[in-house]
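Please have the sequence and the 3D view open as you go.

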Amino acid sequence: MDDRAAAQVAPYVGRFAPSPTGLLHAGSLVAALASWLDARAHDGRWRVRIEDLDTPRNVAGAAEAILRQLDTLGLRADAAVVRQSRRTALYEAALQRLEALGRAYPCACSRRDIALAVAAPAAGDPRAEAIYPGTCRAGLHGKTPRSVRLRVEAVEGSGEARIDWLDRRLGAQHQDVARAVGDFVLKRADGVFAYQLAVVVDDAEQGVTDVVRGEDLADSTARQIVLQRLLGVPTPRYLHTPLVRAADGAKLSKQTGAEPLALDDPLAALRDAGRVLGIEAHGTRLADWLASAVARWRDRVEPAGGDGDALGHDARLAAARTPPRP
Ligand SMILES: [Zn+2]
């Protein structure tokens with residue numbers, strides 16, 4: 001776990017990385033607040049990155065609206081906001097590096113090709129329908145390349161590409177990337193760099209030591225660690241925050257029609273997000289409440305008399321794992 005030891009020495013850099021597919025809602029505020037609190041509690045820096053690569057899903061004006069929402073909430077970045085859409089040269093360089101390592105290869109398969117291939121009886125595993133069967137690993141045989149995929153190698157002799165990682169809230173995690181995901185896409189058929197590649201490149205380039213984000217992204221972590229190791233960049237620490245559930249139990253998200261945050265009362269929105277995180281802060285003014293919340297968070301990551309090690313599995317964070325039903 002040398003990577004984490006290295007990250008501990010590096011000055012703390014956290015980030016919040018929203019996609020401009022709509023405004024912040026109660027669920028995304030939880031991740032924003034947690035990443036901000038964690039950065040402030042570690043006397044670190046907090047950066048905001050607009051993840052706007054998926055141009056077909058971007059909503060005009062949403063990035064600016066999100067930044068206004070964060071400003072209204074008192075959550076302000078310490079450096080200029082970066083936008084992934086202006087950083088494609090970095091992703092291209094990383095892709096070329098993976099190609100040079102012999103780990104990236106062109107794929108000519110359409111969704112339909114993959115569906116047909118995995119429907120074949122030989123596919124076996126009933127979960128295999130989501131997993132690319134490696135059709136183009138041995139070359140395109142004259143077909144036109146569409147996307148670029150990562151060759152996920154099984155660990156020598158074990159038949160596994162198992163990644164183990166520690167989440168500060170969820171505890172020990174693992175995923176066999178070869179079996180659970182397979183050769184995943186690095187660059188899509190429409191020319192858009194995949195989320196997994198862009199995030200790894202950006203976190204490394206921005207010196208991010210701590211990723212604090214919603215639990216819906218926990219499943220991406222193993223794929224990102226695979227890429228970090230191949231690209232020779234540090235693995236940050238990870239903390240995945242509780243998801244906010246709608247009344248019917250579904251995850252609150254833009255896709256499920258979550259209401260944008262009403263910011264006529266920003267303090268009320270922060271209190272709600274704090275409750276999901278198990279933070280009981282005080283103060284009737286925004287700045288006072290935020291200062292109190294930072295103090296509560298600091299108590300949690302640096303218990304009194306402790307050695308200040310915020311890396312381990314924190315029992316109190318674990319207690320906050322189940323968000324209260326609304
Ligand atoms: Zn293919």
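Two residues are in contact if their C-beta atoms, placed from the backbone, lie within 7 Å. With that in hand, Leu-37 touches Ala-293, Val-294 and Trp-297, not counting residues up to four places away in sequence. This is a predicted model, in which local features need pLDDT of at least 70, side-chain atom pairs count only at pLDDT 80 or more, and totals for chains, interfaces and linings use all residues. Residues are numbered from 1 along each chain as its sequence is written.

**Overall picture**
- The protein has 11 helices and 10 strands; helices (H or I, at least four residues) and strands (E, at least two) are DSSP runs, numbered from the N terminus.
- Of its 326 residues, 38% count as buried. A residue is buried if 20 or more other C-beta atoms lie within 10 Å of its own, exposed if 12 or fewer, and partly exposed in between, with C-beta atoms placed from the backbone.
- Among contacts with a separation of 6 or more, 77% are between residues 24 or more positions apart.

**Leu-37 in helix α2**
- Leu-37 belongs to helix α2, and it counts as buried because it has 28 C-beta neighbours inside 10 Å.
- Leu-37 and Ala-295 are 258 residues apart in sequence, yet their C-alpha atoms are 9.0 Å apart in space.

- In helix α9 (residues 266-276), the buried residues are Ala-269, Leu-270, Ala-273, Gly-274 and Val-276. They cover an arc of only 155 degrees around the axis, so they lie on the same side of α9; the arc is that of the directions from the helix axis to the C-beta atoms.
- These buried residues of α9 pack against α2 and α10 (286-301).
- Helix α3 (residues 62-72) has Ala-62, Ala-63, Ile-66, Gln-69 and Leu-70 as its buried residues. Their arc around the axis is only 120 degrees, which means that they sit on the same side of α3.
- The cover over the buried residues of α3 includes α2 and β2.
- Just after α3, Gly-74 has a positive phi of about 80 degrees.
- As background, an α-helix has 3.6 residues a turn, so residues three or four places apart point the same way.

**Strands β9 and β10**
- Strand β10 (residues 237-241) is largely enclosed by the rest of the structure, because 5 of its 5 residues are buried.
- Arg-237, Leu-239 and Thr-241 point one way from β10, Tyr-238 and His-240 point the other way, and all are buried.
- Strand β9 (residues 210-214) pairs with β10 in the parallel sense over 5 bridges, where pairing requires that DSSP finds at least two bridges between the strands.
- Asp-210 stands opposite Arg-237 in β10.
- The chain runs from β9 through helix α8 (residues 221-231) to β10 in a right-handed β-α-β crossover. Right-handed here means that, with the strands pointing away from the viewer, the path from the first strand over the helix to the second runs clockwise.

**Positive phi outside glycine**
- Asp-43 has a positive phi of about 50 degrees although it is not a glycine. It lies in the loop between α2 (26-41) and β2 (45-50), and is exposed because 10 other C-beta atoms lie within 10 Å.
- His-141, also not a glycine, has a positive phi of about 50 degrees. His-141 is in the loop between α5 (111-119) and β5 (147-150), and its 8 C-beta neighbours inside 10 Å make it exposed.
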